[in-house]
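Colleague: I am new to this one and would like to learn how to read its strands and helices. Could you walk me through it?

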Amino acid sequence: MRSFIGRDILSLKEFERAEFERVFEVARELESIARKRRNSDLLKEKTLLTAFFQPSTRTRLATEAAMHRLGGHVLGFADPKMTRAGDFYQESMKDTVRMLEYYADVIAIRHFQQGAPAEAAKWSSVPVINCGDGWGEHPTQVLTDLYTIWRWTGAVPGLTNLDDLTWLCVGDMRMRTMHSLSYALTQFGAKVYYVSPPEMSLTEEFKKELEAYNPNYTEVSSVEDCVSEADVIYMEPVVQPDYTKSRDERSGDVGLTPKRYQISKELMQTKGKRNAIILHSLPRMDELPSNVDPTRHSYQWIEAFNGVVMRMALLALVIGDGILI
Ligand code: CP
């Protein structure tokens with residue numbers, strides 16, 4: 001297995017099964033620090049810089065919270081308009097990163113351009129973590145989601161690990177989470193159903209790339225056609241902003257989610273598996289009504305907690321100077 005020390009976390013495309021397992025084991029090791037709501041001193045001599053060129057609630061704050069839990073230091077920006085990359089100068093990623101790398105030991109980037117974190121990594125001598133790039137990938141979110149299943153399924157009869165589960169992925173398949181997840185699931189023998197509006201389906205280009213990893217998937221037109229088989233339901237909105245923009249304001253009526261892309265309490269009661277797990281990385285619109293939250297299927301708040309734990313694991317692995325090895 002390749003070492004994580006000093007490594008960029010840009011994509012799950014080249015992640016191997018043993019690497020997933022290593023990350024999950026480290027997350028489990030560090031989980032108690034977050035659960036006790038304590039800060040440790042594991043990374044007390046390290047600094048994280050968050051450079052977010054697109055809005056975020058969870059990813060930026062969970063990454064920063066993770067660094068605090070490990071006793072490290074945090075600086076950064078959440079509004080690119082207040083930097084030279086977002087004003088008159090439109091400073092290039094190269095010039096921006098060649099500055100930022102002197103200010104921290106690891107850089108966590110969210111950007112509206114697909115490939116921007118990879119471009120940053122080209123110029124940075126410190127590790128770069130992709131926190132979501134356009135329609136590209138969102139590796140830290142999907143590692144969080146997979147950890148949630150890996151960690152919690154042990155308690156569910158018949159579901160003991162990530163292998164051979166049936167997944168129902170519903171929403172906009174252009175989403176970066178769907179891309180990272182699709183690559184990851186090929187490592188675990190998953191059967192995947194994709195349900196999306198035709199204009200938001202998996203692109204031919206992406207399917208071609210995925211094909212190299214021998215995936216097992218079927219595209220279907222409604223959640224009703226496959227929900228009864230699903231062990232895990234993975235959701236994204238179909239009513240959502242343009243992820244290739246730095247910021248997309250809501251204007252006027254944005255419409256409602258058609259029933260075929262919605263997971264309702266009634267659908268789970270009538271057709272869902274008894275122990276099915278629903279994951280939603282959030283934010284949500286009406287595709288997952290809040291009356292599903294109190295049911296045993298709902299795992300999005302566990303995902304939220306795990307979001308901190310997973311970023312702790314990644315930071316410790318990447319800049320921990322081998323403290324965990
Ligand atoms: N899931 C997720 O990426 O949320 P944020 O956009 O709030 O970071």
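Colleague: Which residue stands opposite Val 192 in β7?

Modeller: In general, strands of a sheet pair through backbone hydrogen bonds, either parallel or antiparallel. Here, Val 192 has Tyr 217 of β7 opposite it. Strand β6 (residues 191-195) and strand β7 (residues 217-220) pair in the parallel sense, over 4 bridges. Two strands count as paired if DSSP finds at least two bridges between them, and the strands (E, at least two residues) and helices (H or I, at least four) are DSSP runs numbered from the N terminus. Please keep in mind that this is a predicted model, where local features need pLDDT of at least 70, side-chain atom pairs count only at pLDDT 80 or more, and totals for chains, interfaces and linings use all residues. Residues are numbered from 1 along each chain as its sequence is written, and side-chain values use heavy atoms, with hydrogens and water left out.

Colleague: Through which helix does the chain cross from β6 to β7?

Modeller: The chain passes through helix α7 (residues 204-211), and this β-α-β crossover is right-handed. The term means that, with the strands pointing away from the viewer, the path from the first strand over the helix to the second runs clockwise.

Colleague: In what order do the 4 strands of the open sheet come?

Modeller: The order is β2-β1-β3-β4, with parallel pairing. At the edges stand β2 (73-77) and β4 (128-133), each with a single partner strand, so one side of each has no neighbour in the sheet. Neighbouring strands are turned by 15° against each other on average, direction ignored. Within this sheet, β3 (residues 106-111) and β4 run parallel and are joined by 4 bridges. Ile 107 has Val 128 in β4 as its bridge partner.

Colleague: Now the helices. At what angle do α5 and α6 pack?

Modeller: Two packed helices are described by the angle between their axes and the distance between the axes. Helix α5 (residues 139-152) and helix α6 (residues 176-185) pack at about 55°, with axes 8 Å apart. That makes α5 oblique to α6. Axes are lines fitted to C-alpha atoms, for helices over the stretch in contact, and angles run from 0 to 180 degrees between N-to-C directions. Under 35 degrees counts as roughly parallel, over 145 as roughly antiparallel, 65 to 115 as roughly perpendicular and the rest as oblique.

Colleague: Which residues of α5 meet α6?

Modeller: Pro 139, Gln 141, Val 142 and Leu 146 of α5 meet residues of α6 including Leu 181 and Leu 185. Contact means heavy atoms within 4.5 Å. Ala, Val, Leu, Ile, Met, Phe, Trp, Tyr, Cys and Pro count as nonpolar, Asp, Glu, Lys and Arg as charged, and the others, Gly among them, as polar.

Colleague: How is α5 placed against α9?

Modeller: α5 and helix α9 (residues 300-319) pack at about 110°, with axes 8 Å apart. That makes α5 roughly perpendicular to α9. Among the α5 residues that meet α9 are Thr 144 and Trp 152. The contact of α5 with α9 divides into 7 nonpolar, 6 polar and 3 charged residues.

Colleague: Is the peptide bond from Leu 282 to Pro 283 cis or trans?

Modeller: That bond is cis, with omega near 5°. Pro 283 lies in the loop between β9 (277-280) and α9.
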